[in-house]
Amino acid sequence: METPPDEMLPEATNLIIEVRDLRSQFDDFVVHEDLQLAIAPGEIVSLVGGSGSGKTTLLRQILALEKPAAGVVKVFGEDINGADSEHLKHLRNRWGMLFQQGALFSAMTAFDNVAQPMRELRTLPESLVRDAALLKLQMVGIDAAQAAKMPSDLSGGMIKRVALARALALEPELLFLDEPTAGLDPNLSDSFVELIAALHREMRLTVVMVTHDLDTIFALSTKIAVLADRKVIAYGTPHEVLQTDHPFIKEFFLGMRGKRALAGLER
């Protein structure tokens, strides 16, 4: 299956992200060709693929950090490549991003990292910023004493949680996650997955994540988009994707690691 069949794509009138006929090219190297992706509100979509399949490139284009060579990328129904800088700034306030390593400001406390996006709005009184930042930190399991610490004094798991609180600071409708459980031991990874699932329900978020961790994929994904052969070769529920006859899917999902992850999910 070279492209997702139309019946697997959400209605175009009810999309939070729409990517059509995307072409990504760096010099003579073509990363994507005629790529299609449509994400409805409330989904948790995992972007998976082998090395060089363009997962990060696609994510950066959806975030308007890179422009494709051709095609249309719409977020919240708007063509982000056609938006001016002021309107793009407004759109970016409607989504949050959790970077793989957290990307916290090293010279700021955990609290100030979370407060920073709200302070940048220059419209909120400091008392409201303080209460909102502490609330977001509390939502991800960080107490006031931990909030006063510098990033260098935090564990890897705590850095992920603070970074997640910062991504949620402006009450986004859309959350992007780049390898959310990378670098965490199994117990911390499981608790972080549970946290994301709880926040998804409570805040009614749409989540798009890039990950290679099969346990995370099967535990969280409502849909999986598989990138290979320069496009999305399969898009659907985990069960639907597993039915797709493609070498990458067989190797990635149905190898020993995939079978262990599926067995753990069934348990």
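I am working with a predicted model, in which local features need pLDDT of at least 70 and side-chain atom pairs count only at pLDDT 80 or more, while totals for chains, interfaces and linings use all residues. Residues are numbered from 1 along each chain as its sequence is written, and side-chain values use heavy atoms, with hydrogens and water left out.

**Entry 1: the cavity**

Rolling a probe the size of a water molecule over the atoms shows where empty space is left. I looked for cavities on a 1 Å grid over the protein atoms alone (a cavity is a set of points where a 1.4 Å probe fits but cannot get out). How many cavities of 30 Å³ or more are there? I get 1. The largest cavity holds about 40 Å³ of space, where a volume is the space filled by probe spheres set on grid points joined across faces, edges and corners.

I then listed its lining, meaning residues with an atom within 4 Å of a point: Gly157, Arg161, Leu184, Leu188, Ser191 and Phe192. Helices α6 (156-167) and α7 (186-203) each supply at least two of the lining residues, and α7 gives the most, with 3. I took helices (H or I, at least four residues) and strands (E, at least two) as DSSP runs, numbered from the N terminus. By class, the cavity lining has 3 nonpolar, 2 polar and 1 charged residues. Here Ala, Val, Leu, Ile, Met, Phe, Trp, Tyr, Cys and Pro count as nonpolar, Asp, Glu, Lys and Arg as charged, and the others, Gly among them, as polar.

**Entry 2: the pocket**

Next came pockets (open sets with protein on both sides within 12 Å along at least five of seven lines). The largest pocket has about 640 Å³ of space. Its lining has 19 residues, and Arg92, Asn93, Trp95, Pro117 and Glu120 lie nearest the centre. Two or more lining residues come from each of α2 (85-92), β6 (95-98), α3 (110-121) and α6. Which element gives the largest share of this lining? It is α3, with 4 residues. The pocket lining divides into 12 nonpolar, 3 polar and 4 charged residues.

**Entry 3: a surface patch**

I found a nonpolar surface patch made of Leu121, Leu124 and Leu128, with about 220 Å² of accessible area together. Patch residues have over 30% relative accessible area and no salt bridge, with nonpolar side chains (Val, Leu, Ile, Met, Phe, Trp, Tyr) joined within 5 Å. The areas come from the Shrake-Rupley method with a 1.4 Å probe. Leu128 sits in helix α4 (residues 126-139). At a relative accessible area of 42%, Leu128 is partly exposed (buried is under 20%, exposed over 50%, partly exposed in between).

**Entry 4: salt bridges**

Side chains of opposite charge can pair when their charged atoms come close. I count 10 salt bridges (a side-chain nitrogen of Lys or Arg within 4 Å of a carboxyl oxygen of Asp or Glu). Lys223 and Glu43 meet in one of them, at 3.2 Å from N to O. Lys223 lies in strand β9 and Glu43 in the loop between β2 (29-39) and β3 (44-49), so this pair ties together parts 180 residues apart in sequence. Are Lys223 and Glu43 buried or exposed? Both are buried.

Arg60 pairs with Glu66, their closest N and O atoms being 2.8 Å apart. Arg60 is partly exposed at 31%, and Glu66 is partly exposed at 22%. I also noted a network of salt bridges that links Asp112, Arg119 and Glu126.

**Entry 5: helix α1 and positive phi**

Helix α1 (residues 55-62) is mostly covered, with 6 of its 8 residues buried. Those buried residues are Lys55, Thr57, Leu58, Leu59, Gln61 and Ile62. Ala64 follows α1 and has a positive phi, near 65°.

I found Glu179 with a positive phi of about 45°, although it is not a glycine. Glu179 lies in the loop between β7 (174-178) and α7, and is buried, at a relative accessible area of 10%. Arg230 has a positive phi too, near 75°. Arg230 belongs to the loop between β9 (223-228) and β10 (231-236) and is partly exposed, at 44%.

Definitions and conventions. Patches are made of residues with over 30% relative accessible area and no salt bridge: like charges are joined within 9 Å, nonpolar side chains (Val, Leu, Ile, Met, Phe, Trp, Tyr) within 5 Å. Buried means under 20% relative accessible area, exposed over 50%, partly exposed in between (1.4 Å probe, protein chains only).
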